[in-house]
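Open the model in your viewer and keep the sequence beside it. The tour below goes from one selection to the next.

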Amino acid sequence: MQRALLFSLSLLFAGNLFADTEEIERIRGFLEQRLNGASVQHVAPSTIPGLYEAVVGGQVIYITGDARYVLQGPVLDMVDGSNLTEPLERKVRLELLQKVPESMMVVFEAQGEARHTLTTFTDIDCQYCRRMHAEIDELNARGIRVRYMLYPRTGLGSPSHQKAVNVWCAEDRNSALTESKRGKTLERRDCPTPIREHMALAQQLGLTGTPFSITDTGEKISGYAPAAQMAERLDAAKAPLARAN
């Protein structure tokens with residue numbers, strides 16, 4: 001009797017898994033067709049009955065099982081107040097950043113042991129970006145590596161873009177970035193840069209202004225925070241992970 005019950009349950013599970021797989025592929029095909037061949041990186045059942053979660057172009061969306069309705073935005077659990085979308089968004093952000101080698105960034109290493117890594121999109125002329133960089137030594141002293149990516153807010157071909165090019169093409173990018181953020185006019189230079197790619201990635205990640213940072217747990221931080229406050233925030237984000245281990 002028990003073996004028969006277990007066999008029946010295994011068939012039911014296999015049937016449900018097959019049905020889910022078929023539904024997922026159907027939804028993936030629908031999205032690719034309706035979104036002009038856009039890359040669909042992920043489709044899976046969400047925690048909400050009847051809704052599937054998908055990642056398209058780095059953005060998290062939800063779609064009904066019949067592939068008719070699409071929802072975008074955070075899904076909140078009104079019982080415990082949690083954001084059900086945020087864990088997947090964090091994972092997507094980290095996966096996008098992992099595709100960029102550090103050789104394509106301007107990295108300010110931590111002093112001593114690196115406890116955190118902060119990836120920050122910065123604009124040479126942004127005042128809050130300059131305030132953040134003015135505290136780079138303190139950030140590094142607190143064990144925070146800062147990986148800069150360049151985002152001239154006024155666009156490609158603008159004076160801010162040329163300043164970013166001058167920094168990237170300098171022999172010592174770290175020193176050049178510091179000097180430029182202090183207002184020094186650098187020698188005009190020209191060379192291949194990753195700035196266009198940096199800007200495209202920033203848009204995928206949801207940049208709304210600079211500085212714009214992604215933590216090594218995938219959290220996004222918009223705007224400037226003093227070094228001490230930033231360190232506290234990074235420590236707090238990693239505390240649950242430390243307890244889990």
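Start by selecting the five strands that form an open sheet, in the order β5-β7-β6-β8-β9, with mixed pairing. Strands (E, at least two residues) and helices (H or I, at least four) are DSSP runs numbered from the N terminus, and two strands pair if DSSP finds at least two bridges between them. At the edges are β5 (106-108) and β9 (220-222), each of which pairs on one side only. From one strand to the next, the twist averages 20°.

This is a predicted model, in which local features need pLDDT of at least 70, side-chain atom pairs count only at pLDDT 80 or more, and totals for chains, interfaces and linings use all residues. Residues are numbered from 1 along each chain as its sequence is written, and side-chain values use heavy atoms, leaving out hydrogens and water.

Next, select β6 (residues 116-122) and β7 (residues 144-150), which run parallel and are joined by seven bridges. Pick Thr 122: its bridge partner in β7 is Leu 150.

Contact means heavy atoms within 4.5 Å. Axes are lines fitted to C-alpha atoms, for helices over the stretch in contact, and angles run from 0 to 180 degrees between N-to-C directions.

Finally, select helix α2 (residues 86-98), which packs with α7 at an angle of about 170°, their axes 10 Å apart. That makes α2 roughly antiparallel to α7 (angles over 145 degrees count as such). Show the side chains of Arg 93, Leu 96 and Leu 97 in α2, which meet Leu 201, Gln 204 and Leu 205 in α7.

How values were computed
Parallel < 35°, antiparallel > 145°, perpendicular 65-115°, else oblique.
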